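Dear colleague,

I am handing over the structure below, and my notes on it follow directly after.

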There are 2 protein chains.
Amino acid sequence: MTAELIFVGTELLLGDILNTNAQYLSRRLSALGISVLHQCVIGDNPERLEEALKTALSRSDLVLTTGGLGPTKDDLTKETAAAVCKKRLVRHEESLDAMRAYFSDKGVAMPKSNEKQADLPEGALVFPNSNGTAPGCAMETDGKWVLLLPGPPREMKAMFELAAVPFLRRFSDGVIVSHSVRTFGIGESAMAERVSDLLDLKNPTVAPYAKNGEALLRVTAKAENEAAAEALIAPVLHEIKDRLCDVIYGVDVSSLEEAAVALLKEKALTVATAESATAGLIAKRLTDIPGASDVFHCGIVSYSNEIKMRLLGVARETLQTQTAVCADTAEQMAFGALRQSGADLAVSVTGLAGPGKDELGRDAGLAFLALTDGVSVWTRKVQTGHTEDDCRDYNRTVFASNALHLIYQYAAAFPEKPAGGEPLKTPVSLCPKERIE
Amino acid sequence: MTAELIFVGTELLLGDILNTNAQYLSRRLSALGISVLHQCVIGDNPERLEEALKTALSRSDLVLTTGGLGPTKDDLTKETAAAVCKKRLVRHEESLDAMRAYFSDKGVAMPKSNEKQADLPEGALVFPNSNGTAPGCAMETDGKWVLLLPGPPREMKAMFELAAVPFLRRFSDGVIVSHSVRTFGIGESAMAERVSDLLDLKNPTVAPYAKNGEALLRVTAKAENEAAAEALIAPVLHEIKDRLCDVIYGVDVSSLEEAAVALLKEKALTVATAESATAGLIAKRLTDIPGASDVFHCGIVSYSNEIKMRLLGVARETLQTQTAVCADTAEQMAFGALRQSGADLAVSVTGLAGPGKDELGRDAGLAFLALTDGVSVWTRKVQTGHTEDDCRDYNRTVFASNALHLIYQYAAAFPEKPAGGEPLKTPVSLCPKERIE
């Protein structure tokens, strides 16, 4: 069973809106075990839409469209699709009643122009619209199916879940199950090389991705049911974990911050932040996770030397002799945040986000990080290699990711909380490579 | 001149990633006066890609692809496109050198697998990749052009702007000029109503958009050259500014933070932040703007009551009797940040980002903000109305936007810096509606 998606709307071709429907439908169909092999975007143009529908029906079993079901003159998806499928449009009284009720709920009269939304292809299975006026539908043509869905994501999603999914289950030949293995501290190519033989597998497939300085592997299996898919994945996932154990921070976690917060909670640890270059981004990312208040109470953004000295107790001499961007400043910032916050550990970042070089001629992308628990301190030097004019956002993201990764590593190495007791206060060992020379 | 876009990547068909490249390229090509009539998405499958390329070349003058230029085995866009255009791939030494330099800058050896990225279609115009390894290119075939761009948005955008745009200008019939009018504190419908007659204009067009709690108007004209387009826009823009003067914070500025930082610089003011619900997001957004260090030195993230008392001097009694989410807490937080930082003004946020209600049964989406200059204090109550399970990100963004808007309003109302003198220290008047009851 293969499906093809046709997104109708000139606003998509002009780039006025982001096509979030594409990702939504692709992901949902994939989870239903229906393979999407083509997606296309067409303007509000009946000739090109007709051509796209005919092409899609020639090569796919199932064609889904979004958009063009509205009341205006350029909304022609239904008319065009009905003509391609050789169906007449007939008034669907039930939909008309639903539309009238929709408008009267809002206390306004239904404009005459909306009536045409109740004209649907003869014999079609009608999908009610719980969040708007335009109904959708499914119609059969030569043993294939065309599904028409509205364009606004709120309407499309509700209709898809409530009406289209139950209908589509009959076409689903099995399920697709996917797991993401997330790594930090290794490039995509280097990661892929360590599992290169696995990238040729057919079921499950193993595919590498890179984003914002992180690399991940997606392992995806297709099978009759979920258990069978998981059974196909298990040995491959085991092998990947084995080969990449030094860089994996989680499977099916959404981010470093999620992994870090979860581990801090598990170990009953609290963390504070002292941020210069990232200026709040670490704190922001930690608190993106609901419930972060259990593990994070205090962050200090010390964007000037004055504040580094005043609030964090960084020595004037360090700043004068080594500048604010050095390992010593990072260490003192971390100790300062620990003192101010009373947290179990504190992490700090000072660096050059860019654009441009610093007064010593050092390139953007350089940062020093420190993490301390009051007993030991670990520092890390980061050089992203990104120095171009628009590097700022990337560098700040990677600096913050490194800080979150340090927190993750500390919490992972921290002894388990003894049952019923206070957490141990034992210095942990991070990997020695964390020490800079 | 018509163009067609082909996005290559199984991850797009699976819905693993959102196709932001589609919007970016559509918008940019449109601005260059090049009409995009088709977009399509194809997996990492050479047969289907070949078919898509042939179809595109049969109906469009220009075909742009993104993705599939990576070093791995499933990256086959270049090989497939070269075969369709009947070109051999030849080693491009300059690109190989650039790649080696890219890796050596990062202090790592180039994996052998990357070498194939330097093989490019014979006779192609090479587009260097300033943000990654894979070069792109443009190749001619039967009077039409195929442009290959990388998939990662950072790499694609930089290459498109630096190399593809100068190349594409030759195909551009006229120019499209666009200006964005940004507002804050008004909904999209209310904004659109105030300019409803202008929305019917044909050239320039006026279109409303809404995003993250902000509404904006895009005014776009098409003409033979830039000056002619600007002349069409000028009177309409003037009319819009007149009608929306109370809510506009900028024309062609990219964000509230950009507008706020620019005004703070102009008025030689510094600001500090005290954040609870937003937890670093205001500081992060201020420092997204290069040069923010002139106006921002200190931020305190006080995510717990303990830290609100200890670092910001919020009274225990206030927290106990009114909770952390109230106007008094916000005021005391702002005064605390002002004291700790020595800045000219301080802004604070305390609120309920969600998900879920607070202990008093108050819905997520509620926040109190305060801004003080040490002489006066202004407070603002925000209720976003977003209480659903995934409201957290939206609420934090809107809370932070309100804080940035308060800063913007203060700085806008602040007396100009007298020439050659110290800035005046006169209390400013914000609009009285800023006071909550």
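In chain B, the axes of helix α2 (residues 20–31) and helix α6 (residues 153–168) come within 10 Å and cross at roughly 15°, the axes being lines fitted to C-alpha atoms over the stretch in contact, with angles running from 0 to 180 degrees between N-to-C directions. The two helices, α2(B) and α6(B), are therefore roughly parallel to each other, a label given to angles under 35 degrees. The contact (C-beta atoms, placed from the backbone, within 7 Å) is made by T20(B), N21(B), Y24(B), L25(B) and R28(B) of α2(B) with P153(B), M156(B), K157(B) and F160(B) of α6(B).

This is a predicted model, in which local features need pLDDT of at least 70 and side-chain atom pairs count only at pLDDT 80 or more, while totals for chains, interfaces and linings use all residues. Residues are numbered from 1 along each chain as its sequence is written, and chains are lettered from A and ligands numbered from 1 in the order in which they are written.

In helix α11 (residues 305–312) of chain B, I307(B), K308(B), L311(B) and L312(B) are buried, that is, each has 20 or more other C-beta atoms within 10 Å of its own. They cover an arc of only 105° around the axis, which puts them on the same side of α11(B). After α11(B) comes G313(B), with a positive phi near 70°.

In chain A, D75(A) sits in the loop between β3 (62–66) and α4 (77–84), and D75(A) is buried, with 21 other C-beta atoms within 10 Å.

Best regards

How values were computed: Buried ≥ 20, exposed ≤ 12 C-beta atoms within 10 Å, placed from the backbone. Helix = DSSP H or I, 4+ residues; strand = E, 2+ residues; numbered from the N terminus. Arc of directions from axis to C-beta. Parallel < 35°, antiparallel > 145°, perpendicular 65-115°, else oblique. Contact = placed C-beta atoms within 7 Å.
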